[in-house]
Amino acid sequence: MALATRTDRPPRPPSLIGSVWRSTVGKKAVMAVTGVIMLAYLVAHVVGNLKVFFGAGEFNHYGHWIRTIGEPFLHYEWFLWIARAGLGTAVVLHGVAAYQLSRRDRAARPRKYERGRPRASYATRTMRWGGVILALFIVWHILDFTTLDVNPNAQEGRPYENLVASFDRPAVSAFYIVAMLALGLHIRHGFWSAAQTLGANSPRRDRALKFLADALALVLTCGFIAVPVGVLTGVVS
């Protein structure tokens, strides 16, 4: 009777994707790429939001149009849900990478910074809390404008009226404005960090990149905040 011999298989080499994700450089690259994706979405989103100042007809037409992109190849709202899935994936990857990098950074430097060391910028020091605020805002925003669960006056298929009904509540507008201020700080700091990670910065381009980061943060923040302010002041009604 032959005895079965045990052969030890060599360990399977890690996949390229797994190796990249586990490395600090890889996580920073993931944050940079997903940040660029989210920034592109925000630019498109704020342009769409500002259509509210052209009246209900214009804004409702826009709301219908984004649901019909790709027709007849794509069915109604398919493009919108594909975009939501891609954006949601980018948000999750961005948040997980940021959390894991933060843990690594604290583990590498367990002692508190010495007194007298130059303090980080306000945006850098508040990135973590800004991320928490934005995460809570995203959940609320989906419940408010996508599922219509937290807006008692929401009407299916009437985005202009739903927007006015939502921002007509001062507490909701205040929360939105605070979240957009946190978003501005995130954009300002994140754009510069992404440029460094992707190798776009250089001594000759640093000033231009910093100016672009400030300008993007300011324009997007003001653009988003203009909508609830417009509702509260009666410009949009």
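This is a predicted model: local features need pLDDT of at least 70, side-chain atom pairs count only at pLDDT 80 or more; totals for chains, interfaces and linings use all residues.
1. Pro72 sits in the loop between α3 (56-65) and α4 (78-108), with helices (H or I, at least four residues) and strands (E, at least two) taken as DSSP runs numbered from the N terminus. Numbering runs from 1 along each chain as its sequence is written, and side-chain values use heavy atoms, with hydrogens and water left out.

2. With a relative accessible area of 22%, Glu77 is partly exposed (buried is under 20% relative accessible area, exposed over 50%, partly exposed in between; 1.4 Å probe, protein chains only).

3. There is another non-glycine to check for positive phi: Leu148, at about 60 degrees. Leu148 belongs to the loop between α6 and α7. Is Leu148 buried or exposed? Its relative accessible area is 17%, so Leu148 counts as buried.

4. Asn162 is part of helix α7 (residues 159-167) and is buried, because its relative accessibility is 4%. Setting aside neighbours within four places in sequence, Asn162 is in contact (heavy atoms within 4.5 Å) with Phe145, Leu148, Asn151, Asn153, Ala154 and Gln155.

5. Now the overall layout. The protein chain has 9 helices and 0 strands, and along the sequence the pattern reads α-α-α-α-α-α-α-α-α. Buried residues make up 29% of the 237 in the chain. Of the contacts between residues at least 6 apart in sequence, 67% join residues at least 24 apart.

6. α4 deserves a look of its own. Its 31 residues reach 45 Å from first C-alpha to last, close to the 45 Å expected at 1.5 Å a residue (the expected span is 1.5 Å times one less than the number of residues). Which residues of α4 are buried? They are Leu80, Ala90, His94, Ala97, Leu101 and Ser102, and they pack against α1 (16-22), α2 (24-49) and α6.

7. Lys28 is in helix α2 and is partly exposed, at 43% relative accessible area. Beyond residues up to four places away in sequence, Lys28 touches Leu101 and Thr197. The C-alpha atoms of Lys28 and Ala98 are 8.1 Å apart, though 70 residues separate the two along the chain.

8. Next, α6 against α8. The axes of helix α6 (residues 127-146) and helix α8 (residues 170-197) come within 9 Å and cross at roughly 130 degrees (axes are lines fitted to C-alpha atoms, for helices over the stretch in contact, and angles run from 0 to 180 degrees between N-to-C directions). That makes α6 oblique to α8: under 35 degrees is roughly parallel, over 145 roughly antiparallel, 65 to 115 roughly perpendicular, and the rest oblique. Among the residues making the contact are Gly130, Gly131, Phe137 and Trp140 of α6 and Phe175, Ala179, Met180 and His189 of α8. By class, this contact has 14 nonpolar, 5 polar and 1 charged residues (Ala, Val, Leu, Ile, Met, Phe, Trp, Tyr, Cys and Pro are nonpolar, Asp, Glu, Lys and Arg charged, and the others, Gly among them, polar).

9. What is the angle between α8 and helix α9 (residues 206-232)? They pack at about 170 degrees, with their axes 9 Å apart, which means α8 is roughly antiparallel to α9. The residues of this contact divide into 21 nonpolar, 3 polar and 4 charged.

10. Finally, zoom in on Met180. Met180 is in helix α8 and is buried, with a relative accessible area of 3%. Not counting residues up to four places away in sequence, Met180 touches Phe137, Thr221, Phe224 and Ile225. Met180 and Phe224 are 44 residues apart in sequence, with their C-alpha atoms 6.9 Å apart in space.
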